[in-house]
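Morning, everyone. Please have the sequence and the 3D view ready. I'll keep this short.

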Amino acid sequence: MWVEIAALNQIPERDIVKVKVEDISLILNRQGANITCYRNACTHLEYPIDMGKVDNGIITCPFHKFRFKLDTGKCLNSPDSLESYPVKIEGEIVFVNID
């Protein structure tokens, strides 16, 4: 199910924004025209990562310092990846598929 999540201009360039859809906490990232969406949970202990530091396209979990590439969701500390959700943009509106 595709859900309207945000206006494109609400997602800061090279940073994240936290949103909640149907009790699912998500983070969105924008790098140029590329928007990614991940579950707001570190792969280590499922703690939220939205308060983590974002630097050079990498977010660092504020609790245990696991680092994730925001363009792919890949963890730099383990073989895990953030749980991702498909994104599409129609005009200036961002949609996420939460199926």
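This is a predicted model: local features need pLDDT of at least 70, side-chain atom pairs count only at pLDDT 80 or more; totals for chains, interfaces and linings use all residues.

One definition before we start. A residue is buried under 20% relative accessible area, exposed over 50%, and partly exposed in between.

Now the strands. Find β2, residues 16-21, and β3, residues 24-31. They pair in the antiparallel sense, over 6 bridges. Now look at the hairpin of β2 and β3. There are 2 residues between the strands. Glutamate 22 takes a positive phi there, near 45 degrees. Aspartate 23 lies in the loop between β2 and β3. Its phi is positive as well, near 65 degrees, and aspartate 23 is not a glycine. Is aspartate 23 buried or exposed? Its relative accessible area is 71%, so it is exposed.

Move along the chain. β3 also pairs with β4, residues 34-39, in the antiparallel sense. Here, too, there are 6 bridges. Isoleucine 27 has its bridge partner in β4, namely tyrosine 38. β3 and β4 form a hairpin with 2 residues between them. In that turn, glycine 32 has a positive phi of about 70 degrees.

On to the charges. How many salt bridges does the structure hold? It holds 4. I'll show you some of them. Start at arginine 39. Arginine 39 forms a salt bridge with glutamate 46, and the closest N and O atoms are 2.7 Å apart. Arginine 39 also forms one with glutamate 83, where the closest N and O atoms are 3.8 Å apart. This second pair links distant parts of the chain. Arginine 39 sits in strand β4, while glutamate 83 is in the loop between β7 and β8. They are 44 residues apart.

Glutamate 83, at 39%, counts as partly exposed. Glutamate 46 is partly exposed too, at 44%. Stay with glutamate 46 for a moment. It is in the loop between β4 and β5. Its phi is positive, about 70 degrees, although glutamate 46 is not a glycine.

Next, the rings. The structure holds 1 aromatic pair. Which residues form it? Tyrosine 47 and phenylalanine 63, edge-to-face. The centres are 4.9 Å apart, with 65 degrees between the planes. Edge-to-face requires over 60 degrees. Tyrosine 47 is in the loop between β4 and β5, and phenylalanine 63 is in the loop between β6 and β7, so the pair ties together parts 16 residues apart in sequence. Tyrosine 47 is partly exposed, at 36% relative accessibility. Phenylalanine 63 is partly exposed as well, at 45%.

Last stop, lysine 88. What does lysine 88 lie over? One answer is the face of tryptophan 2, at 4.7 Å from the ring centre. Lysine 88 also lies over the face of phenylalanine 95, at 5.8 Å from the ring centre. And here glutamate 90 returns. Glutamate 90 forms a salt bridge with lysine 88, with the closest N and O atoms 3.3 Å apart. Lysine 88 is partly exposed, with a relative accessible area of 29%.

That's my tour. Thank you.

Conventions: Residues are numbered from 1 along each chain as its sequence is written. Side-chain values use heavy atoms; hydrogens and water are left out. Two strands pair if DSSP finds at least two bridges between them. Helices (H or I, at least four residues) and strands (E, at least two) are DSSP runs, numbered from the N terminus. Rings of Phe, Tyr and Trp (its six-membered ring) pair if their centres lie within 6.5 Å; planes under 30 degrees apart count as stacked, over 60 as edge-to-face and the rest as tilted. Buried means under 20% relative accessible area, exposed over 50%, partly exposed in between (1.4 Å probe, protein chains only). A charge sits over a ring if NZ of Lys or CZ of Arg is within 6 Å of the ring centre and within 35 degrees of the ring normal. A salt bridge is a side-chain nitrogen of Lys or Arg within 4 Å of a carboxyl oxygen of Asp or Glu.
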